[in-house]
Amino acid sequence: MRMVLGLVLHTSHQARLAMASGMLTGVQLELVVYEQEREIRPKVEALLNRVQLDGMLLGRVPYDACRDLLPPDLPLSINRYAALELTLTLGRALRQGLAPAPVSIDTFDRSVVDDVTTALGMQPDQVMCLPYAADISYPQIIEFHERFLAEHPDGFVITVRSEVTRALGHRDRVLNVVPLETTVRAELHELVLRIQSQRAKEMSFAAGIFSVVDFERDSNLDRARVGLLNMLLNTPEFADAWVDTRGSRGVAVLAHRALFNEVTGNWSSLPVVGTALESLGIRVAAGFGFGSSARKCVMLAEKAVAQAEQTGAPCGFLMDEDGLMVGPLRPGATPLRFTYREHGPDLERLARRAGLSAATISRLAALDRTLGGRPLSPGDLAAALHITDPSGRRLIRKLTASGLAVPQGSAQANRRGRPTTLYQLTIAAAIREDER
């Protein structure tokens, strides 16, 4: 299947970066080329209205200019200038006969500047750095460099902004950072692989079991089950699924995972059980299973539906092979989105480190920010994420093992009970550490 990727870049980098996609097969590249920053937002909006994108690669400046326009589920890769680009620019300064310091640098993370200049033996007081910030303006950057040049006539400037280069008058002592073609190509490849992995995951097998729990007195169980079966067969979202009876009061649905993602609003609500109550007068419990085989999926779905049956209200639960259970999914719940998009690559590295999905880490990151450093118990974590207490304990163990949660004292609900260990989430701190 062909993949369509958006690439947002400055006009001065168009020829170099467009070539970076030459090694990609099966990829259609849609370019957004801008001369000035104010052009980014309308051009990205026009692209999104014109083309259905599978992913997008853009720098931090373009991302901050249009972040609210980007679909929440669009895979992104945020390009950041790294140590190699800074090192090569310093090397270019030496080739031009410039002394390595004093130097004024903008947009690079301070940690990158410190690492490179320390490795090259440069004195810290000879290196001025204005790190990237979403709210910083071009006049502020220009003023920063002009003040530096006034104080250091023998110094030079390294900037990643073409507008700043022009504003400073194309002086011999102003070097513009050029993004590396190999870096962009690697980021495009990584984005393609991430999208392919997500597609494969969505196309993997999943199972759902819907069980009649109770029904109107003037009906009987067989009639209620047949009514549920017909309702599911006539549900448009289940048109491509295999739907059949299972047992005396159940209906099994076998389909790709992406279908269940759609039916549940990305696992935030389950309208179909509300429809069964309103139109058929029956309470339905639902269970979903994600596993490595059809048999495993069905077994997990049966465990999940058993949990849903005990809640006393129409709802559903999801269970995966790791034993993590998500729920209850209720018919009238408002879909929620947990995003931490500005830290995309860092967030995925944390997810791999903890052995969890990026979506789970994203929800935990949002919870960590809400807590503001306050500790919580495994039961509190389970309640906040709408999962079962055993799943909350398993999740805490994974987070602790990967250094994303640390024990922080204990609490005792009553005098006879055992003390409960409290934990402090350290996900936000880990993200900041990765940024440095």
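View 1. A cavity is a set of points, on a 1 Å grid over the protein atoms alone, where a 1.4 Å probe fits but cannot get out. Grid points are joined across faces, edges and corners, and a volume is the space filled by probe spheres set on the points. The largest cavity comes out at about 370 Å³. Two or more lining residues come from each of β1 (3-10), β3 (55-59), α3 (60-66) and α7 (162-167). Helices (H or I, at least four residues) and strands (E, at least two) are DSSP runs, numbered from the N terminus. What lets us spot a space like this? Rolling a probe the size of a water molecule over the atoms shows where empty space is left.

**View 2. Who lines the largest cavity?** The lining of the largest cavity has 25 residues, and H13, Y34, G59, P62 and Y81 lie nearest its centre; lining residues have an atom within 4 Å of a point. Strand β1 gives the most, with four residues. Sorted by class, the lining has 15 nonpolar, six polar and four charged residues. Here Ala, Val, Leu, Ile, Met, Phe, Trp, Tyr, Cys and Pro count as nonpolar, Asp, Glu, Lys and Arg as charged, and the others, Gly among them, as polar.

View 3. Most residues other than glycine have a negative phi, and most peptide bonds are trans. Now look at A101 and P102: a cis peptide bond joins them, with omega at about 5°. P102 sits in the loop between α4 (83-95) and β5 (103-107). In strand β5 you'll also find T107, a residue other than glycine with a positive phi near 75°. T107 is buried, at 9% relative accessible area. Buried means under 20%, exposed over 50% and partly exposed in between (1.4 Å probe, protein chains only).

**View 4. Q123, out in a loop.** Is Q123 buried or exposed? With a relative accessible area of 51%, Q123 is exposed. Q123 belongs to the loop between α5 (110-119) and β6 (127-131). Its C-alpha atom is 8.1 Å from that of A101, 22 residues apart along the chain.

**View 5. T245 and its contacts.** T245 lies in strand β10 (residues 242-246) and is partly exposed, at 33% relative accessibility. Which residues does T245 touch, leaving aside neighbours within four places in sequence? They are R225, L229, G250 and V251, where contact means heavy atoms within 4.5 Å. The C-alpha atoms of T245 and S211, 34 residues apart along the chain, are separated by 9.8 Å.

**View 6. Helix α11 and what comes next.** In α11 (residues 271-280), V272, V273, G274 and A276 are buried. Just after this helix, G281 takes a positive phi of about 70°.

View 7. C66 is buried at 0% relative accessibility, and C129 is buried at 12%.

**A note on all views.** Residues are numbered from 1 along each chain as its sequence is written, and side-chain values use heavy atoms, with hydrogens and water left out. In this predicted model, local features need pLDDT of at least 70 and side-chain atom pairs count only at pLDDT 80 or more, while totals for chains, interfaces and linings use all residues.

Note on methods:
1 Å grid on protein atoms, 1.4 Å probe; cavity = no way out; pocket = protein on both sides within 12 Å on 5 of 7 lines; lining within 4 Å.
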